[in-house]
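Visitor: I have a structure open and would like to go through it. Can you take my questions as they come?

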Amino acid sequence: MSVESETVMALRRNSRDEVGGLAQEVVDEITWYMREHKISRADLAAALGVSAGRVSQILSGDENLTLRTLGAVVDALGARLEFTLGDAEGSSAALTD
């Protein structure tokens, strides 16, 4: 395997890891909010109109959350979602002009 191929594979792997990390960060924020506001998974399930099992799937961190699902969860919690996009430190995959 060439050095170039290994570099491309490493970038893809890091990108997947970062995406998984982003999903976990979102779930961590939701669970923190729920804990701080004393909202149980059963409460969230009732507010969403879904089963407790579905809420467990959403909060597992393994779920590929859609923006629609994320929006429904935030709305059911009576919360507001803030999103900030900034430069990644040391990223060699950034697009340039």
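Visitor: What secondary structure does the protein chain come to?
Guide: This is a predicted model, and its protein chain has four helices and zero strands. Read from the N terminus, the order of elements is α-α-α-α.

Visitor: Take Met34. What does it touch, leaving out residues up to four places away in sequence?
Guide: Met34 touches Ile39, Ser40, Arg41, Leu44, Leu59 and Leu77.

Visitor: How much of the protein chain is buried?
Guide: Buried residues are 15% of the 97 in the chain. The chain exposes about 7800 Å², with 52% of that supplied by carbon and sulfur atoms.

Visitor: And the contacts with a separation of 6 or more: what share comes from residues 24 or more positions apart?
Guide: 55% of them.

Visitor: Different topic. Where is Lys38, and what is its phi?
Guide: Lys38 is in the loop between helix 1 and helix 2. Its phi is positive, about 55°, although Lys38 is not a glycine. Most residues other than glycine have a negative phi.

Visitor: Is Lys38 buried or exposed?
Guide: Exposed, because its relative accessibility is 74% and the cut-off for exposed is over 50%.

Visitor: What about Asp75, buried or exposed?
Guide: Asp75, in helix 4, counts as exposed because its relative accessibility is 62%.

Visitor: How many salt bridges does the structure hold?
Guide: One. The side chains of Arg80 and Glu82 form it, at 2.1 Å from N to O. In general, side chains of opposite charge can pair when their charged atoms come close.

Visitor: Are those two residues buried or exposed?
Guide: Both Arg80 and Glu82 are exposed.

Technical notes:
Residues numbered from 1 in each chain as written. Predicted model: local features only at pLDDT ≥ 70, side-chain atom pairs only at ≥ 80, totals over all residues. Heavy atoms only, no water. Salt bridge = Lys/Arg side-chain N within 4 Å of Asp/Glu carboxyl O. Buried < 20%, exposed > 50% of the residue type's maximum accessible area, 1.4 Å probe, protein only. Helix = DSSP H or I, 4+ residues; strand = E, 2+ residues; numbered from the N terminus. Contact = heavy atoms within 4.5 Å. Areas by Shrake-Rupley, 256 points an atom, 1.4 Å probe, with all protein chains shown as cover.
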